[in-house]
Amino acid sequence: MILYPTAGAVSTVCGENVTKKLAKGLAIRRRREYNTKVSEFTREKGVLPLQNEKLRNVAIIAHVDHGKTTLVDEMLKQGGVFRENQAVADRVMDSNDLERERGITILAKNTSVRYGDTKINIIDTPGHADFGGEVERVLSMVDGALLLVDAAEGPMPQTRFVLSKALEMNLKIIVVVNKIDRPDARLDEIADEVLELLMDLDASEEQLENTPFLYCSGRAGTASFDPHETGTDLKPLFDTIMSYVDPPEGDPEAPLQMLISSIDYNEYVGRIGIGRIARGTIQVGQQVLLGNYHDPENSRRNKIVSLLQIQGLQRVPAESATVGDIVWISGIENISIGDTVCAPECFEPLPFTKISEPTVEMTFCVNDSPFAGQEGKFVTSRQLRDRLMRELLRDVSLRVTETDSTDAFRVAGRGEMHLSILIENMRREGYELGVSTPRVLFHEVDGKRYEPIEELSIDVPEECVGSVMEKLGSRKAELQDMHPQGSRTRLTFLISSRGLFGYKSEFLTDTKGEGIMSSVFYEYQPYKGDIPRRSVGSLISFETGEAVTYGLFNAQERGSLFIGAGVPVYEGMVVGASPKAEDLVVNVCKRKHLTNTRASGSDDALRLVPPRNLSLEDCLEFLADDELLEVTPKTLRIRKQILSNQTRAKMRGKK
């Protein structure tokens, strides 16, 4: 039997102040009833539940960039998934091109390792708040969670979010303090902060007293129980998973019951359902009944055509699987997330975890610019609609609503990044579309308008605190907490989601690129009033043609440019930013008139300031309410919704 330091032991080691906080927290908080996870049948009969001792299911949850995927890499290596001489890329679980480019996890990934004669299924989850829907649904497939906390940053907003979801589902939590080899690690303080977070989230007494703490370096592949010891391998982590996380419970002889928690798609077999078997055994060729907990009358009979299980990084065919196994099944038409696969003689659908609602909305429309159809393969409204509806099969956090126009759709998601990832995937697949500026989704409560509020955590150098607080103050942010961490300062604000639109680029400029900011949805609060969208205007092309050096040279005196010489432009296209909060029309296609009169110095080479290249996120931040982003496989162009400069001038005159 392994002995590991628990939350209670850590509080004693770290000081009396934590013990007092612990006692006070337990006194004023209700103790959550401890869920023994025993089924109604076994409770009534008074017998112990059946357990699959040769299996463990765990998820790795954390704030973005706290080292989840890197730790999984080492667990795979030490679990014998790779040969000793096999060359393995960093972050092998991030298989998507966008994930590798951005260094973030977007989709939850499944893998497994062998530890002794036990199979450990591991689910690597996203850390960014915009992909929280992925985290919420995969937690239903596991019995325990590894909570990673950066040894320097400590608990962050997304740490609170994912931990609250895990506690709601009564998962066994193992706290893993990662990156202990960082020079700015705060090993003696992190345990206190995690304990306070557990108390804030109303953790039960059992969770507070028994939660184990480990100290790891994911990159080095080491773990130890002592914060000041490095360790030699990940054996302490594997041992803790084996001894602390419960094996899956259920009767393999009972009628089949499996909840579909995720969906994959294959052009050859169609939709593939992914889920964990709650009870019974599933076999290839078995007849099953498929239905939904919220619509039990609409069930249908189907047949399991193929069955796959994860082995290392590969999905391997299986003839059968039993309680606790995470499997991929195909052959069931129109299977979707939240459905339950049951034996025909015993149809008992399982409830599905409620997914948090979207908070941000954009309009996706057919590209109708003068350059439409020149670069993309899919340009019609039917193709756009089919692609968005296909995305709904995979992403439970997304909402797509049709508008009065057949050429436009309202697409709602968890945040700007959530929607920008969808846009980037679509453009890489060959789609052309127009995208509006992001808008928050309001709620009506008792006749009052409520808007989403986010908890914003900012880590900046001391000398940048003043400028950050000034900018956020103008965006109606409320300071909640402020404390120093060495030469840096941690600030926590509550701010409207509207207030964050367009702030990231300002933040990076104000902090000289050294600031770190992250946010997570907090709650809905009454409308905060008008918030300035942006302080700059747009430089708009006067005519259609090709940008030339002479025209650009004159235009760059009016503001910063987004394009260089030789770039095709059209009337109404935004070619730069004006420092004043008003739009200016410039002629970047203007050429120098040739005459027979020459003057000294008139033919000197014109020097252009290098243009500012905008990424997809930069373009979405810059968009004004009357502008669209034209997205094609090769180009991003910002344009006015009304392209004619004359028509826009008339409309301004009427206003």
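Two residues are in contact when heavy atoms of each lie within 4.5 Å. With that in hand, here is a tour of close-up views of this predicted model.

**View 1. Leu 163 and its neighbours in the largest nonpolar core.** Leaving aside residues up to four places away in sequence, Leu 163 touches Ile 61, Leu 147, Ile 173, Leu 197, Leu 198 and Leu 201. The largest nonpolar core has 41 residues, and Leu 163 is one of the five that touch the most other members, together with Ile 61, Leu 139, Ile 173 and Val 177. Helix α8 (residues 187-200) is the top contributor to this core, giving eight residues. Another core, of 30 residues, lies apart from it and includes Val 440, Ala 577, Leu 616 and Phe 622. As background, nonpolar side chains in soluble globular proteins tend to be buried together.

**View 2. Strand β1, covered on both faces.** Strand β1 (residues 55-62) is largely enclosed by the rest of the structure, because eight of its eight residues are buried. Side chains in a regular strand alternate between the two faces of the sheet. Here, Leu 55, Asn 57, Ala 59 and Ile 61 are buried on one side, and Arg 56, Val 58, Ile 60 and Ala 62 are buried on the other. Look next for the partners of β1: strand β3 (residues 118-124) pairs with it in the parallel sense over six bridges, with Arg 56 opposite Ile 120. Strand β4 (residues 144-150) also runs parallel to β1 and is joined to it by five bridges; there, Ile 60 stands opposite Leu 146.

**View 3. An open sheet of eight strands.** Follow the strands in the order β12-β11-β17-β8-β9-β16-β13-β14, with antiparallel pairing. At the edges are β12 (295-303) and β14 (314-317), each of which pairs on one side only. On average, neighbouring strands of this sheet are turned by 35° against each other, direction ignored.

**View 4. Strand β9 and its partners within that sheet.** Nine of the ten residues of β9 (residues 270-279) are buried, so this strand is largely enclosed by the rest of the structure. A hairpin of three residues connects β8 to β9, and these two strands pair in the antiparallel sense over nine bridges. Spot Ile 263 facing Gly 273 in β9 as a landmark. The pairing of β9 with β16 is antiparallel too, over five bridges, and places Gly 275 opposite Val 327. Moving on, β16 (residues 326-330) and β13 (residues 306-311) pair in the antiparallel sense over four bridges, with Leu 307 opposite Ile 329.

**View 5. Helix α15 and its buried side.** Within α15 (residues 503-510), Tyr 503, Phe 507 and Asp 510 are buried. These residues lie on the same side of α15, because they cover an arc of only 70° around the axis. The buried residues of the helix pack against β24 (448-461), α13 (465-474), α14 (497-500), β27 (516-526) and α17 (616-622). Just after α15, look for Lys 512, with a positive phi of about 55°.

**View 6. Thr 437, a buried loop residue.** Thr 437 sits in the loop between β21 (433-436) and β22 (439-440). Its relative accessible area is 4%, so Thr 437 is buried. Not counting residues up to four places away in sequence, Thr 437 touches Glu 361, Met 362, Arg 533, Leu 623, Ala 624, Asp 625 and Glu 627.

Technical notes: Residues are numbered from 1 along each chain as its sequence is written. This is a predicted model: local features need pLDDT of at least 70, side-chain atom pairs count only at pLDDT 80 or more; totals for chains, interfaces and linings use all residues. Side-chain values use heavy atoms; hydrogens and water are left out. Buried means under 20% relative accessible area, exposed over 50%, partly exposed in between (1.4 Å probe, protein chains only). The arc is that of the directions from the helix axis to the C-beta atoms. Two strands pair if DSSP finds at least two bridges between them. Axes are lines fitted to C-alpha atoms, for helices over the stretch in contact, and angles run from 0 to 180 degrees between N-to-C directions. A nonpolar core is a set of buried Ala, Val, Leu, Ile, Met, Phe, Trp, Tyr and Cys residues joined through side-chain atoms within 4.5 Å.
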